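Here is a quick walk through a two-part model, written for someone who would rather look at folds than tables. Keep the viewer open while you read.

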Amino acid sequence: MPKIPRSIIVMYILMIIVLLGLCTGVFIVLFSNVSDDSKKSSSTGSYPLIDTSSSSVSSSGSATTTGSSTETGSSSDVVFTSTESSTETSSESSSSTDFVSGETPSESFDLSFFSDDLFIGDSIFTGLYLYPGYLDMEQVAAAVGLTPYKAYTSVIENKGVTAVEYAKQRQPKRIFIMLGSNAMAGTDHSSLEESYRELLSRLMGACPNADICCISITPTARRNDYPNIDNNEVRKFNKYIKSTCSELGLKYCDLYSLISDEDGYFLDEYAEVDGMHFKGKTYAVLLSALQKLM
Amino acid sequence: MKKVLLSVITAALVCGLCGCGSSTSGSSNNSTSSVSTSTLSAKEKAEKLLGAVEFPSMVEVTADKLDIYFGIAENDVKEYSVYICGSAAMPDEFGIFVAKDADTAAKIKTAVEKRIEAQKKTYSDYKPDEMYKIDDSFIDVNGNTVCYAICADNAKAASILK
């Protein structure tokens, strides 16, 4: 066997070292990419906190929820019941929906059913025309940050008038209202309640022949970007909406119960990544429930 | 003589290996990205971006809504793909328009600038913490093609859409 020169052996050793170095480099690059991806995915939905556009609904004051609540499901009527003493009873539910906690919400509806109707709401309702397959923009008077107060004081950009004025112009067959989320944080409920009632009063005056239906404010998910919105407060305000509807002879739709889990959180399958807005199919649940109710 | 020849061959092998190793990884990435971004259609670029950056629920803007959201007529563009946030929870959106001519491309750029300004106005009060996406947004005009993005990684969006 011929003797291999020492220089050749050294060269081969060097080559092996370089190869090992290359392999290590490739491994490090691949590993760092994986780490970046995992960091990215773990931060999904963890967008910075917001405010909510504290609107001009009320000047100041903190909305505190004093009553702890036991979130018990009931077979009918409002699913979540506060332990606070409440004057409301289920007997006022003659014109409210009747959802059973845990039932799988229907997503079937007939779009033509809503052709003469008007939907008034905040950013959540803009999804009714942003997502394909639901309503036309003309059927929706909604804007990012809209509150009950702004619905009769602020012009909606794509309408050129306030929501109430738009309703008066259109004279819809039915009016569906879902407002309040933007005024839940940093405002006291009395001011919000006052403006909500005022909105209903103005709409009833502007559209005397319309069938008006108020929709409950929806909850936030377990993981959400809105630390200032407390689902206890949401339920409290929904009770107010329901009792007001009962008092004024209007319909009430308890969407909250339909899309929340047993602890009252927005079900992830219906919630957008921010934990408050809607995924596309959530509008199908809403329209299905409204058609059933009306 | 044999020793010298073997040494030279081995040295050449080592150097070649080092050179190829480093240049291969770098140049292949560059060529891949340049080929992919230059040859993809507007829709393909949009789909690539959707897979590359974290977005909320996005919906494609249909031809009948181009006018509503941008004031752009369908026949102004030869090809386009635009996505907006369906839930309105966040200001995320992006688009690529291939205009029919240079004048129309300039018109589209102005429309997109107006749109971004409107988003800025809306979200500055509503979600100030999302404003970094708008502040960092871009509009690019290359010939008759206009593209823009408002998202969590506008640099990556630019590298895909441009």
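## What you are looking at

First things first: this is a predicted model. Chain A has 294 residues, and 42% of them count as buried. Its secondary structure comes to eight helices and seven strands. Chain B has 162 residues, with 35% counted as buried, and is built from six helices and five strands.

Taking contacts with a separation of 6 or more, residues 24 or more positions apart make up 72% of them in chain A. For chain B, the corresponding share is 60%.

## The sheet in chain A

Chain A holds an open sheet of five strands with parallel pairing, and the order across it is β4-β3-β5-β6-β7. At the edges sit β4 (140–142) and β7 (251–253) of chain A, each pairing on one side only. On average, neighbouring strands here are turned by 20 degrees against each other, if you ignore direction.

To get your bearings, look for β3 (residues 118–121) and β5 (residues 174–178) of chain A, a parallel pair joined by four bridges. A:Ile120 has A:Ile177 in β5(A) as its bridge partner. Helix α8 (residues 280–293) of chain A packs on this sheet, where it touches β5, β6 (211–215) and β7 of chain A. The direction of α8 makes about 150 degrees with that of β7(A).

## The sheet in chain B

Now for chain B. Reading from the N terminus, its elements go α-α-β-α-β-β-α-α-β-β-α. Five strands make an open sheet with antiparallel pairing, in the order β1-β2-β3-β5-β4 (chain B). The edge strands, which pair on one side only, are β1 (58–60) and β4 (138–142) of chain B. Ignoring direction, neighbouring strands of this sheet are turned by 10 degrees against each other on average.

Within it, β2 (residues 77–85) and β3 (residues 93–99) of chain B run antiparallel and are joined by seven bridges. B:Tyr83 sits opposite B:Phe94 in β3(B). Helix α6 (residues 154–161) of chain B packs on the sheet and touches β3, β4 and β5 (145–150) of chain B. The direction of α6 makes about 160 degrees with that of β5(B).

## Helix α2 of chain B

Which residues of α2(B) are buried? They are B:Ala42, B:Lys45, B:Ala46 and B:Leu49. These residues lie on the same side of α2(B), because they cover an arc of only 100 degrees around the axis.

## A loop residue: B:Phe55

Follow chain B on from α2 and you reach B:Phe55, in the loop between α2 and β1 of chain B. Why does B:Phe55 count as partly exposed? There are 19 C-beta neighbours inside 10 Å of B:Phe55, and a residue needs 20 or more to be buried, so B:Phe55 is classed as partly exposed.

What does B:Phe55 contact, leaving aside its neighbours within four places in sequence? The partners are B:Leu50, B:Asp92 and B:Cys151.

Methods
Residues numbered from 1 in each chain as written. Chains lettered and ligands numbered in written order. Predicted model: local features only at pLDDT ≥ 70, side-chain atom pairs only at ≥ 80, totals over all residues. Helix = DSSP H or I, 4+ residues; strand = E, 2+ residues; numbered from the N terminus. Buried ≥ 20, exposed ≤ 12 C-beta atoms within 10 Å, placed from the backbone. Contact = placed C-beta atoms within 7 Å. Pairing = 2+ DSSP bridges. Axes fitted to C-alpha atoms, helices over the stretch in contact; angles between N-to-C directions. Arc of directions from axis to C-beta.
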